[in-house]
Structures are given as C-alpha cells and as structure tokens.
Amino acid sequence: MSTDVVGPASLVEQLYSELDQKVRVLRPKDDFTQLEKAYRVASEAHKDQKRVSGEPYMVHPLNVTLILADMQMDLVCLETGLLHDTVEDTRVSLDQIRKDFGEEVARCVDGVTKLSKLHLYSREERQAESVRKMLLAMVNDIRVIIVKLADRLHNMRTLQFLPRDRQQRIAQETLEIYAPIAHRLGMGKIRGELEDLSFQYLEPDASAELVREIESQRQQNEEFLNKMRHEVEVNLAREGIPARVEGRMKRAYSIFQKMKRQKIGLDQVYDLLALRIVTDSVKNCYAALGVIHNEWHPIPGRIKDFIAIPRPNLYQSLHTSVMGPGGRACEVQIRTEEMHRLAEEGIAAHWKYKEGKKGPGVDDQRVIWLRQLVEWQKELHDPGEFMSTLKVDLYPEEVYAFTPMGKVIVLPRDATPIDFAYAIHSDVGNTCVGAKVNGRIVPLKYSLKNGDVVEILTQSGHLPSKDWLAIVKTSKARNKIKHVINTTERAKAIEIGQKYLEREARRAGVGLSRITKADLERVASDYGCGKMEDLHAALGYGKFSARQVLQKLLPEQLEVPLTEAPKPAAQPAAPGQPSALTGDLVIKVKGCDDLLVYRAKCCNPIRGEGIVGYVTRGKGIAVHSTNCPNVQNLMYEVERKIDVEWARAVTETFPVKVMIYTDDRPGMLNQLTSVLFAEQSDIRSLEASADDKRGGDGAVIDMTIEIRDKKQLERVVNAVRRISGVRDVERTQ
C-alpha cells in the first residue's frame, strides 16, 4: 500500500477495513450483515459533517467501535458504537433505528443519546438529566455505559482540537463522572487512561512537570524493575510456581493524587514502582506472596488481601510493598489470569466470546450497586444536588467493617458509624443513638477503619440530627437524614406560615374567611408554588412577605397597598464591609435588588465561581460557593434555596486563604512574593513554619492574599506550583 497522505474518504474506509478484519477474527461464526448496514446508515447520516479537527465525522464512530471491538463486545454493542451519534446529531430517528436494527440496538442508542436539544434547560440541568437518563438505561442494559465510556475515551484522545474552556469542562466531567463509573465497573484500563488524559487538561503545568520528573528517572527505574523482575522469576521458578512477571510504573494522575493527598515529593511515593505476578491458581497466589516476603522485608501496614475480601467492583489481588534491592520500595500485586482479566476489563469481560456466556448476571455485585445508585437518586430533583451526590456515590469504597455477626459492610474512606447504621437499614440509621467499635463506645463522628467490628445502639422514637449531615460520607445516609429532617422542618414551616398570614390579616383588619380554595391556589401559582401548603412553607421559611401575599389575596379590601415597615436611615458602611441595607454589593438575588445578601464565611466565594443562595432566619441571604462542603448539608430544605448572581463588574478584591506546602529551603518566600507581585496580588497576612508531620524536610506557608476573581486565583496557584520545591497549593475555607 502507498505511504502517501491518506485522504478523508480513504481514512474512513481504512478504519472500517480495520474494524471488519478485527471482528471477523474475533467472531468467525457471526453474521456481519447488520454491522455492515449500521456502517452504511451512519456513513450516509454523517456524510456532510466534520469534526472540529477537520476530519470526516464518521472517523469518530468508527474509532469508538474499534475500542469496543478491542473489548470483544457483542454485535449489538458494535452496531450501537457506529450509530451512537445518529439520533443526536442527524435526522435519523430512534424509530428508524428500531425498525432497521431491532429493540436492543435502539435501546442502547437511546441510552447513549444526550438531552442537549432541550433548550429549556440550563447547561447544568441538561448535564444532570442526561446523566440520570444514562444511569436508568444502564440498569436495563449495561452495554449503554460501555459504549458511552468508549465514546468518552475517543473524545478525550482528540480533545486538543477544542477551545480551552470546553477542554476543561469535558475533562472535569470525565474525571468526576466517567472515570469513577469505569472504576466501579472494574474497567481499570479505561479508567486509568481517562484519568491521565483529564489530568493533562485540568492541571497542564503540574502534569508536564510530573511527566518530566518521571522521565528523568525512567532509566534507573527500569533498571531496578528489570533486576527485581529477574530475581522474582528465579525465586518463583525455584519453588515450582508457574507465573509471568510484569514491571510497571504508577500512573501519572495516581502519583499526583498521592503526592497531593500526603503532601510529599515523588521520591516519597512508595508504590511508584510495581511488579505484577500473574499465576494459575489462588493457592499459588498465596505461595508467591510467601516467596516474596521470604526474599524481601515487607513494609508494615502495606499488605492487603483483596482475594479473600474483593473490592466492590469485584477486583481481586494480593498487594504488598517490600524493600527491594538497594533499599528501594516496590509494590507487588499477585493474581490469577482470570483476576487479571477482570481487573483490566471489568464488567466488559463478561461479553468475551466464551462458553456462550453473555452479559453480567442479575446478581452481579456491580449491577446491584448500579440499581442501588439509581434508587437513591430517584428523589433528587435539584440538578446540582443530583450531580454532587452522584459524585459522592462514585467515590471509591475502601473501608471494610463488620457487623457483630461477621457480615462485611463496605463503605467510603472516613465513613462513620452513622453511615454503617444506614447501610444496614434506614430504621437502624434513624434510631441510632450510639455505637460500639471493637467493644468500646465511640463518638458517632468516629472514622471507621478496616476490620472494625461495629455494633449500633438504637432507641425507639429517636430521630436523626441535622449535625449528622456534616459528618456522614454516604449519599444513602445523607438522603435518608435529609428526608426525615425535611419532613419535620416543612411541617413546622407550614404551621409558622399559616400563623404569619393570619396575624398580618388581623393587623390589617381583614378576614380570611372569604378566601376560596381557587384564590389560594391562584396566588400560590403566582409565587411559583404548586399548592397552598408550598406557599405557607415559603412564608414560614421567610422567602416571601405575608403582606404582599395578603395584598394579592384581598385587593378589594385593601384599597391602599400594604407596605413594609419604614426602614432605618442607612449608616455609612465601614471600608470593605457590606452596607446594612444591601449587604454584599457584588452579589444580588436574581430579579430582586432589595434583599440583604452576604457571602458565607465557610467558603468565601469569589467572583467567577458558581454560587447559590440560602435563606437564613432573620439574617438575609447567605451565599455559598456551589463547591462548598456545607452546601449539601444546608440544602435539605429545598424551599430555602434561592438563585443569586454576581452583580455589576467592580474592582473589589476578596481575601483568599491558601496553604502552600514546600521543601524547607532558603529563598522560597522570596520566590513566592515575586510571583504574587507579578500577578498584582497583595498579601494580607503570611505565616511560615516547618512541617514536622512529614519528616521535617518540608514547610507550610499559611497566607491570605487579595484576589479579584476566579481566573486570577487560578493564575496565582499555577504560577506558585511552577516554583521548584512547591509540593501542593490548597485554598482553605
């Protein structure tokens, strides 16, 4: 074949030829008539479309399908890969797909199709509803998410052609939603690539610096791994244990996460280098572990047995870390061939062309998790709350605790006895009054550890506390607590609202007896409330004025409109402080200019960040960053949520606290202040101290700086991270 530049049409043909050859080798007995038809339909539908890169659009569906073919997925999945964008981006209808390719393909294509054409929704709402739709479709057919992951993987591989803001938005969604889903489904290979690609776009400076540092050590690391691998192979062969041994380096994003979490340098990442031993049986896995520990000293606390207790995504392996040749730490993973296949491919491995097995069983633990996830999310109607609680649900589960009867309960890191109680049953959680861990009474905020035996103490009639929302880690516990509190608080708010309205009517000398149900519902509708109880609740929460509601209900009895009580004369505000009447001048309630608004101290939002308002009792509107950890604890009362926005562009600056973790070396402060001067950011306060927690070779710099907006803060943080010796930069609340 000629080596000339491949033209657009021949590129599509070349990719289809590659796909055709691949599936014929993998599935020699299958009929490919429908697959060829799917290619023709998709090619015709996309024939006039181009990708941002300038390539024919059909290049994308073909690459997605090639990824699915590499996973050895079935023909329904491959046809879906070719057709997955036709309904969303062309005139091909779902009914046409159903007619031409059957119900299975139509269901999968529909599940992958986003809701982007619903212009009535905001971008946040479209994203939330599209993800919700995808999750529901996944419950009926797990192939939906496998196609979606392949689609996202190819989009991430070609992300360089999009504008910077879209790159970051897509990479953030990938890191928060799709990579964790791949992890929960056991698809380690795809998860790893999605994370590393997202890392490149979200933290370009940190990513480039880390890759340079890794590359500078690559030769000596490879020499160490080759030496270690040879010694392991010799020792295993001497004991008659059949195995293949592979060496690998920890992935860039995984290294970055560990360095950031532990505030350490690359040289302190003990599992940077790893060996993987793949053998033929569980018995030989444990035998190989004995050989490794007999040859090298294990590092205490680093031995994990995921064969006896698999992870929730069914990952199985033995992990240990040892001090290898030259005193260098090395992680060793030991597993069987089947365990290795499942670790790499996860739930997709069920579609291997083998023994007629097709798809995961209904009792597959990963599918059970998915059903529970969808069940927990059903009652969440607010898109922001849905997305944030979904991210919590996707968080890797790492703590294995036991009931007194020996049942294993798997929970997220730092989970509490309250999370444990709700994992057993909602009634156990609601009536929880205390807990014993390993036979001793512990506080309910206690962080559970692996192997803890937990006994929950209950009391009939007890109800959960609002304070629990600040300490629980699972969305199941959070949602159940919110439901109980919301029900109780709403009943109180309705009662307060009714009394408030009646009191104002008495003050005005009018009677409410003449008001019909239709009038009540009309006024409730004017205020965006579905029924009168909702309006009473809003009055009780302080969102609306009873006087204004009364004016709408009885206009004929109130010739002169009721007005609010006279406001005191405004006093001059102190420099940098909000005025007593208007609150924070840079933020306002959408559609209203006369409400007291202030920025919450817990998160201190700055211009450019997403914000949400919360109606407080008698203090005005508290404005939080949408990323504030307290937001979800407050928003159990949906009626108190209120839309707010940044007001006119102004020159005010915001005080922002940051913690900088660095090497302890001369000249560091000088470099930091030079960066801040270059970025035109003033320092309000600065305190530096040695970081004794990490071996005494580090320092912590606690500083408050003046920042105009989110973009300036990002520039400052990126510039500080580029300073040699800076380990991490954190914005503190």
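## Buried or exposed?

A residue counts as buried when its relative accessible area is under 20%, as exposed when it is over 50%, and as partly exposed in between (1.4 Å probe, protein chains only). By that rule C285 is buried, with 0% relative accessibility.

This is a predicted model, where local features need pLDDT of at least 70 and side-chain atom pairs count only at pLDDT 80 or more, while totals for chains, interfaces and linings use all residues. Residues are numbered from 1 along each chain as its sequence is written, and side-chain values use heavy atoms, with hydrogens and water left out.

## The whole chain

The protein chain has 733 residues, and 48% of them count as buried. You'll find 27 helices and 21 strands in the chain; these are DSSP runs, numbered from the N terminus, with helices (H or I) having at least four residues and strands (E) at least two.

Now for contacts, meaning heavy atoms within 4.5 Å. Take those in the chain with a separation of 6 or more: 66% of them link residues 24 or more positions apart.

Helix α19 covers residues 417-424, and six of its eight residues are buried. Among them are P417, F420 and Y422.

Helix α15 spans residues 282-295 and contains N284. N284 is buried at 16% relative accessible area. Its side chain makes a polar contact with the side chain of D280 at 2.7 Å. (A polar contact is a pair of N or O atoms within 3.5 Å; within protein, one must be able to donate a hydrogen and the other to accept it, and residues adjacent in sequence count only if both atoms are side-chain atoms.) Leaving aside residues up to four places away in sequence, N284 touches I241, P242 and T279.

## Nonpolar cores

A nonpolar core is a set of buried Ala, Val, Leu, Ile, Met, Phe, Trp, Tyr and Cys residues joined through side-chain atoms within 4.5 Å. The largest one here has 107 residues, and I146 and M187 touch the most other members. Apart from that core lies another, of 32 residues, including I606 and A719.

## What about disulfides?

A disulfide is a covalent bond between the sulfur atoms of two cysteines. The cut-off used here is a pair of cysteine sulfur atoms within 2.5 Å, and a search of the whole structure finds zero disulfides.
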